[in-house]
Amino acid sequence: MIRFAVSLSVDEAADKLIAAIAAYPMGLVAHANGQANCAKKGITVPADQMLEVFRPDYAVKVWAAEKTAGIDIPLRIHLYEADGRTWVAYRPASEVFKLYANPALDALGGELDAIFNQLLATLDAWKLP
């Protein structure tokens, strides 16, 4: 898992990522705002949002390579507040697909990692470990 802090608020980070996803183009499959959803029930929690990101042509490629890998898409980016900072957590596609030991999924994982690296780089300068 990749995890790093950014200088933006969770809302600002989500807005920047959503714009980057649209510009790439990738697809924002779902956007869950846990803080807003809890607030509707009168519960106060720190900022917490989940972006589910993918694209239909990549889904078709994943299914063709390994139908059961469909459970691992879309890929997720978790934005949350902890210790007074905004954190971003992401499990790279290459890591997600590794358990299938499938060369076609390994190749797709590499392609998707490059895309997600570009998306995440819109937040702050950062490098993979």
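Me: Which residues does A47 touch, not counting residues up to four places away in sequence?

Reply: In this predicted model, A47 touches V10, Q35, L79, Y80 and E81. Contact here means heavy atoms within 4.5 Å.

Me: Why is A47 called buried?

Reply: Its relative accessibility is 10%. Buried means under 20%, so A47 counts as buried.

Me: Where is the place of A47 in the chain?

Reply: A47 sits in the loop between α2 (34-39) and β3 (48-54). The protein chain has five helices and five strands, and along the sequence they follow the pattern β-α-β-α-β-α-β-β-α-α.

Me: Which residues have the most contacts inside the largest nonpolar core?

Reply: They are I77, L79, F97, L112, F116 and L119, in a core of 37 residues. The largest share of this core comes from α5, with seven residues. In soluble globular proteins, nonpolar side chains tend to be buried together.

Me: What does F97 touch, not counting residues up to four places away in sequence?

Reply: F97 touches V62, D72, I73, L105, D106, G109 and L112.

Me: How many of the contacts between residues at least 6 apart in sequence join residues at least 24 apart?

Reply: The share in the protein chain is 64%.

Note on methods:
Residues numbered from 1 in each chain as written. Predicted model: local features only at pLDDT ≥ 70, side-chain atom pairs only at ≥ 80, totals over all residues. Heavy atoms only, no water. Helix = DSSP H or I, 4+ residues; strand = E, 2+ residues; numbered from the N terminus. Buried < 20%, exposed > 50% of the residue type's maximum accessible area, 1.4 Å probe, protein only. Core = buried A, V, L, I, M, F, W, Y, C linked by side-chain atoms within 4.5 Å.
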